[in-house]
Amino acid sequence: MIIDLPPGLLLLGAGLLAPLVPVRMRAAFLLLAPAAEFVQLLSLAPGMTLRSEVFGFALEWVRVDRLSLAFGYIFAIAALLNVIFAWHLRSRLEPSAAMVYAGAAMAAVFAGDLLTLFLYWELTAVAAVLVIWARGSERAFRAGFRYIVVQLASGMLLAAGAALRYAETGSLAFGAIGLDQAGGVLLLLAFGVKCAFPFLHNWLQDAYPEATVTGTVVLSAFTTKLGIYALARSFPGTEMLIWIGTAMAAFPIFYAVIENDLRRVLAYSMNNQLGFMVVGVGLGTEMSLNGTVAHAFADILFKGLLFMSMGAVLFRTGTVNGTNLGGLYKSMPWTAGFCIIGAASISAFPLFSGFVTKSLIMTATAADGRLLEWLILLFASAGVFHHAGIKIPYFAFFAHDAGIRCKEAPANMLIAMGLAAALCVGIGVFPGLFYSILPFAVAYEPYTASHVVAQLQLLVFSALAFAVLMRTGIYPQELRSVNLDFDWLYRRAAFCAVQRATTFTSGCIHRLGAILSHAAAWMLAQGERRTSAGQFMADGGSTRGMALWVMVMLVSYLVLYYI
Amino acid sequence: MSVALHMPVLQVVVPLLSAPLAVLARRGSLPFMFTTAAAWFAFATSIALWMEVEHGAVLSYFIGSWPAPWGIEYRVDRLSALFLLLVSGLAAVVLPYSRRSIQAEIPREQHYLFYALFSLCLAGLLGITVTADAFNIFVFLEIASLSTYVMIALGRDRRALVASYQYLVMGTIGATFFVIGVGLLYLMTGTLNLPDMAERLAAERHTRPVLAALAFITVGLSLKLALFPLHQWLPNAYTYAPSAVTAFLAGTATKVSLYVLVRFYYSVFGESLVFRHLPLPEIMLLLSLAAMFVASGIAIFQRDFKKLLAWSSIGQIGYITLGLSFDTVTGLTASLVNLFNQAVTKCGLFLLLGGAVIVAGGSTLERLAGLGRTMPLTSFGIVIGGLGLIGVPGTAGFISKWYLVLAALERGEWWLVFAVLLSSLLAVAYVWRFVEAAYFRPAPPGRPPRREAPASLLIPAWLMIAASVYFGLDTSVTVGSASGAAEMLIGVKK
């Protein structure tokens with residue numbers, strides 16, 4: 001079957017046209033795009049494709065299968081929620097950039113070859129950095145700059161990987177790839193940057209919390225999930241990913257516990273959730289891949305919901321630092337309620353979305369006989385509840401009353417949060433319907449007595465630990481501090497090194513030229529004294545230096561040719 | 001049609017004649033009209049020639065009907081047609097721009113000289129491209145170079161004089177080396193006609209004079225095309241020349257020298273001598289890498305944006321010679337495509353910058369601060385051109401790098417792929433310098449709040465920028481001609 005219009009282009013076009021639409025109708029105009037896109041997605045069936053020949057390469061602009069469809073649905077939903085949440089914006093740039101970003105991500109998900117993927121991959125990076133810069137602050141500008149450098153590097157890795165792969169296999173197909181050739185390794189690295197693998201992850205915590213109230217919500221949905229999608233498409237069953245994933249799930253917990261900026265806490269928790277998905281890809285069984293897709297789907301909703309609630313707090317109070325907040329439930333009861341639903345979902349409470357999605361991955365890990373990994377993931381699950389499930393709502397809305405009195409979040413934000421919350425609960429309550437859109441058939445029943453009881457035990461003990469630590473005062477205090485992460489290495493150390501090296505090299509060249517020109521000057525001076533030809537040139541000796549280089553080149557060519 | 005038969009020579013003669021006409025007319029807008037008409041004529045002719053040779057035909061034209069080894073032959077094949085198109089096309093765009101631009105930069109009484117020199121330079125560059133006679137190349141090289149020196153010296157800044165003087169010394173050394181090389185070849189073969197010379201050289205390949213000729217020609221032309229480390233004349237010359245001159249030179253002068261180098265390597269010395277028996281590809285590879293990294297690195301630390309672009313040109317020349325050093329059809333294609341795209345992009349950038357200099361009063365990054373708000377069209381164009389320098393998909397620069405990477409992979413040298421990508425990161429850094437200044441810093445006090453460059457400057461500049469995007473999307477002209485030329489050159493000796 002042939003498709004007329006590649007999915008995602010509707011969003012892209014709407015985003016590009018939006019600045020021309022009068023400001024009052026802009027939000028409504030933008031709302032139409034994801035709605036229309038969703039209708040288009042419903043009309044697609046696995047197996048549809050759109051191919052053409054460009055630059056002599058056979059490109060597959062669109063490839064529809066169950067994996068890409070699942071990501072397509074959730075991207076359309078996320079784009080829709082974002083428009084509603086950002087309804088109040090009057091800015092020309094941010095909503096359009098966000099829509100282009102969503103469109104590029106969706107088009108990337110439906111790309112059937114690496115070259116098409118690369119085009120949209122870069123477009124997501126460019127559009128996303130505009131979303132970050134829309135905040136307009138100095139910090140946002142710097143963070144955005146670091147973000148774009150990392151994302152473009154990922155794009156270059158992807159391009160290099162694609163080119164290598166083309167040289168190795170003669171095909172640009174974006175399918176299962178594996179690590180047996182060099183091209184595959186580069187592609188894994190490119191995807192790994194987007195998925196925020198350990199040591200490649202800092203752009204996430206760095207940039208996301210610096211965006212606007214609405215921008216962070218947009219950012220949280222697409223880039224990392226696109227990375228997960230690419231990973232699930234190309235590297236299912238890659239053993240190494242299991243360990244990378246478990247590391248990703250475990251280490252951000254510690255950072256999240258000590259971080260003060262609540263949106264940055266969520267960014268760390270995002271890293272942790274991505275870890276679960278990466279493990280699912282690494283296992284590569286039907287069940288675990290289902291789990292990865294399902295968890296990505298659910299994560300976009302509940303992480304979006306949490307970012308929305310923190311965004312609403314930031315919008316009304318001007319801060320999201322744990323130290324400055326507290327007691328907000330009196331002023332913003334609805335926001336608090338939605339935040340708790342998001343927190344319950346991410347913590348995998350029964351009847352909420354995280355419960356029915358994460359368990360797919362956990363069960364698949366256990367089914368594969370991996371006890372150690374399973375235990376680490378269990379620890380990570382408890383940690384999630386700790387920092388995202390309790391800490392976020394507790395410090396923002398309860399804890400000690402900071403005395404802030406403000407209005408409830410605007411209606412459009414409440415509607416967006418309400419829709420997201422409804423979806424979180426809906427998935428948790430009716431998992432069967434949700435399971436039917438996953439790539440493979442699901443024969444799994446999340447609501448068994450033992451599973452529910454085990455999960456509740458885990459949550460209750462985690463809550464108990466939080467309570468005891470808070471009571472006894474052992475819980476790390478929220479401090480206004482900067483926590484050093486791996487990025488210090490490249491943000492400070494490497495930058496200085498590059499600067500030194502370049503200055504040094506150009507210095508060497510100049511010095512070599514100076515030495516040569518001094519030598520030449522001496523010879524010329526000898527010659528001048530005899531011929532008394534007078535002054536050669538007023539402007540230093542640089543022309544002599546240049547001429548000398550010419551001689552050096554000539555002599556070296558001659559010597560090398562004659563050898 | 002008889003005029004059509006004479007197209008190869010008219011291409012050169014018409015601009016050459018417009019130079020004295022411009023001097024005779026002297027006042028008013030006649031010099032401008034003569035020169036522009038000549039350039040447009042040359043452009044139209046080159047399009048016609050390009051279409052004629054597109055399918056592999058070779059046009060030979062014998063001056064005064066003297067047959068080849070004795071008379072001077074003009075020869076148009078796919079390689080020279082591509083360069084004719086490039087040179088005359090850039091001239092046709094830059095000239096309308098120059099009318100308004102030089103009013104701000106050159107005293108009125110010298111305008112006719114500018115147009116006369118521009119015509120001479122154009123005639124020289126086209127002559128180099130079209131002739132098949134080694135000594136003729138030297139003559140045209142000198143015509144083009146001498147007029148260039150004077151055009152640079154017309155620059156408003158007094159440092160233009162020193163820059164022009166240095167370029168004169170270096171350019172003359174380069175031309176002398178070239179003519180020494182040609183002399184040695186003449187000594188060995190007794191002919192100056194390039195195809196004839198190639199035939200006779202076949203027997204003399206490994207004699208010392210031929211090797212010495214190769215060395216002299218390589219060094220002389222490396223100097224002209226500013227291959228690292230013989231690039232040192234370029235930054236000041238580009239920086240202090242009038243904007244229209246810089247834009248034209250950046251797109252043509254170094255590129256035509258590269259054409260001569262390619263011509264001599266493949267059509268005279270022969271691929272097997274140059275690339276298989278001598279360490280030349282290795283040397284060229286090293287120098288190209290050095291250019292890519294050192295020049296781009298130096299570009300990052302420039303404070304004058306015009307000089308920054310000049311250093312970036314030196315870095316980009318590294319990409320061009322890198323492709324050449326591979327000695328494969330893909331490598332040569334990459335090199336030619338790179339050259340074409342780079343010429344278009346750089347020309348557009350310098351044109352836009354020229355407009356900005358007139359309004360902002362200087363090309364230092366401090367002067368250009370806040371340009372994104374005061375001159376949105378100009379700065380946006382510069383950003384797009386900058387993306388082309390980086391090689392972002394959708395711009396011509398991406399196509400060039402893509403083919404370069406393909407060529408490197410074809411030879412299995414994947415570390416070169418990393419080198420190319422790494423040096424693109426340096427380009428990101430220096431393009432960023434402009435973005436930061438224009439969009440994130442406040443405008444210096446005293447700048448009018450919002451004033452664009454005049455339309456007569458913006459339109460030609462944006463035409464080039466649009467072309468640089470167009471060639472990033474539709475590659476049939478660039479890649480088609482370049483690969484055709486590459487196949488022709490490498491196929492000839494096989």
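Reply: Happy to! Let's begin with a definition: a helix axis is a line fitted to C-alpha atoms over the stretch in contact, and angles run from 0 to 180 degrees between N-to-C directions. Helices (H or I, at least four residues) and strands (E, at least two) are DSSP runs, numbered from the N terminus. This is a predicted model, where local features need pLDDT of at least 70, side-chain atom pairs count only at pLDDT 80 or more, and totals for chains, interfaces and linings use all residues. Residues are numbered from 1 along each chain as its sequence is written, while chains are lettered from A and ligands numbered from 1 in the order in which they are written.

Me: At what angle do helix α14 of chain B and α18(B) pack?

Reply: Helix α14 covers residues 305–326 of chain B, and its axis is 10 Å from that of α18(B). Angles under 35 degrees count as roughly parallel, over 145 as roughly antiparallel, 65 to 115 as roughly perpendicular and the rest as oblique. α14(B) and α18(B) are therefore roughly parallel to each other, with an angle of about 30 degrees.

Me: Which residues of α18(B) does α14(B) meet?

Reply: Two residues are in contact if their C-beta atoms, placed from the backbone, lie within 7 Å. From α14(B) come Tyr319(B), Leu322(B), Gly323(B) and Phe326(B). Their partners in α18(B) are Ser400(B), Leu404(B) and Ala407(B).

Me: How are α12(A) and α15(A) oriented to each other?

Reply: Helix α12 (residues 262–283) and helix α15 (residues 353–367) of chain A have axes that come within 10 Å and cross at roughly 45 degrees. α12(A) and α15(A) are therefore oblique.

Me: How many nonpolar residues does the contact of α12(A) with α15(A) have?

Reply: Phe276(A), Val279(A), Gly280(A) and Leu283(A) in α12(A) meet Lys358(A), Ile361(A), Ala364(A) and Thr365(A) in α15(A). Ala, Val, Leu, Ile, Met, Phe, Trp, Tyr, Cys and Pro count as nonpolar, Asp, Glu, Lys and Arg as charged, and the others, Gly among them, as polar. This contact has 1 charged residue, 2 polar and 5 nonpolar.

Me: Which element gives the largest share of the side of chain B that touches chain A?

Reply: Here 37 residues of chain B are in contact with 30 residues of chain A. Elements giving two or more residues to chain B's side include α7 (159–189), α9 (208–224) and α13 (280–300). The largest share is 9 residues, and it comes from α9(B).

Me: How many charged residues does that side of chain B have?

Reply: Sorted by class, the side of chain B that touches chain A has 30 nonpolar and 7 polar residues. The number of charged residues there is none.

Me: Is Tyr439(B) buried or partly exposed?

Reply: Tyr439(B) lies in helix α19 of chain B. A residue is buried if 20 or more other C-beta atoms lie within 10 Å of its own, exposed if 12 or fewer, and partly exposed in between, with C-beta atoms placed from the backbone. Because Tyr439(B) has 18 C-beta neighbours inside 10 Å, it counts as partly exposed.

Me: In β2(B), which residue is the bridge partner of Leu59(B)?

Reply: Strands pair if DSSP finds at least two bridges between them. Strand β1 (residues 59–62) of chain B runs antiparallel to β2(B), joined by 4 bridges. In β2(B), the partner of Leu59(B) is Val76(B).
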